[in-house]
Amino acid sequence: MDQTNQMSRIVGVVPGAWGNEAVETTLAALQSVCGDMADCDLLVPGDAGIEQVRELAGHAGIKRVHCITGDGAADRAEPDVAARLVSEALSQTGGSEPATLILTPPGPDGEELAARVAFHMNGNALGRCENVRVEDHGVVATRSAWGGRKQLVLNVSGGLSVASMRAGKPVLDSSRSEAEQFAIDVNVELPPEPSLDQEPTGESLPPVESARFVVSGGRGLNEEGFAQLEQIARKAKGTLGGSLPAVDAGLVPVVRQVGISGKFVTPELYFAVGISGTPQHMAGVSPDTRIVAINKDPEAPIFSMAEAGVVGEWQQLLPEILKALDD
């Protein structure tokens, strides 16, 4: 169906090629901002996975999904390509009341997409936000600073605001029908496809971002402790993570760092050993994740967030866990 209506004031942007998790987190952000999801639109640069996007969007309450196509854009999922498609599409369909707020998926790619859209559209790049709301005078957003110890409140009184926000999982209702699909065909010059050289990393465990079970260690462990954590991760079909102090000590690679300056993880279970539970670290763990903790300090903050915890030395407890996994 051809695009005939101007865009809503609040718009979500997610390339379908980024997968269902990116789509769902974008829908969750829209639900946290919009009082009525029927007042929101979802823009999908490229047509990869568009049917699944329509289904998820419809179950979340969105009525309109706009598929943006252009020469050579179908299989391109880079943030810069998506940003160029979105900015051109919005310039064509903005009408007399252009979009006020654009929300992109959380994570590094989503944050880059948000920054590039703001650049191309001369908008306000709000970055990685914890909360966003649209008021009569404009947009108000909050974001963390100083490793989570401070909060910034951003007031934008005019123009377009673009933000990346994590809001957990969306509320989906299967009784709702699929969103209606509109087509926006744009003519925009795309950058050349990047040439990538791949080298083996030597990592044989899955990445922390996609694992359902993460075994993570902190400053309270040494090399022997991390070796045991890796054994537990392999036996339980999970993966290994670590805190910033563990990375700084060379106990775990930086690609496995969990926290505000590392990766955001969304496992079903997070097994934290020797991790105190600072806000900087816990900012990297989904609030929907169940946490089990081992720490020798009974006052460690991690216990206030854990579903279950043991006060004790890892040297005594980890070998017993390995024995139990062998039984």
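Author: A disulfide here is a pair of cysteine sulfur atoms within 2.5 Å. The model is a predicted one, where local features need pLDDT of at least 70 and side-chain atom pairs count only at pLDDT 80 or more, while totals for chains, interfaces and linings use all residues. Residues are numbered from 1 along each chain as its sequence is written, and side-chain values use heavy atoms, leaving out hydrogens and water.

Reader: How many disulfides does that rule give?

Author: The count is 1. Cys34 is joined to Cys40, with 2.1 Å from S to S.

Reader: Buried or exposed, that Cys34?

Author: Buried means under 20% relative accessible area, exposed means over 50%, and partly exposed is in between, using a 1.4 Å probe and protein chains only. Cys34 has 9% relative accessibility, so it counts as buried. Cys40 is at 0% and is buried as well.

Reader: What about Cys67?

Author: Cys67 takes part in no disulfide, and the nearest cysteine sulfur, that of Cys40, is 19 Å away. With a relative accessible area of 4%, Cys67 is buried.

Reader: Changing topic. What order do the strands of the open sheet have?

Author: The sheet has 7 strands in the order β5-β9-β4-β1-β2-β3-β10, with parallel pairing. Strands (E, at least two residues) and helices (H or I, at least four) are DSSP runs numbered from the N terminus. Two strands pair if DSSP finds at least two bridges between them.

Reader: Which strands stand at the edges?

Author: Those are β5 (124-129) and β10 (180-185); each has a single partner strand, so one side of each has no neighbour in the sheet. From one strand to the next, the twist averages 25°. Axes are lines fitted to C-alpha atoms, for helices over the stretch in contact, and angles run from 0 to 180 degrees between N-to-C directions.

Reader: How many bridges join β3 to β10?

Author: There are 6, and the two strands run parallel, β3 covering residues 64-69. For Arg64, the bridge partner in β10 is Glu180.

Reader: Which strands does helix α2 touch?

Author: Helix α2 (residues 50-60) packs on the sheet and touches β2 (40-45), β3 and β10, its direction making about 160° with that of β3. Contact means heavy atoms within 4.5 Å. Helix α4 (residues 108-120) also packs on the sheet, touching β1 (10-13), β4 (101-104), β5 and β9 (161-165), and its direction makes about 180° with that of β9.

Reader: Where does Asn122 lie?

Author: Asn122 is in the loop between α4 and β5. Its phi is positive, about 55°, although Asn122 is not a glycine. Most residues other than glycine have a negative phi. Asn122 is exposed, with a relative accessible area of 73%.

Reader: And what is phi of Lys237?

Author: Near 60°, a positive value in a residue other than glycine. Lys237 sits in the loop between α5 (223-235) and β12 (239-242), and at 76% relative accessibility Lys237 counts as exposed.

Reader: Last one: what sits over the ring of Phe264?

Author: The charged end of Arg166 does, 3.4 Å from the ring centre. The rule asks for NZ of Lys or CZ of Arg within 6 Å of the ring centre and within 35 degrees of the ring normal.
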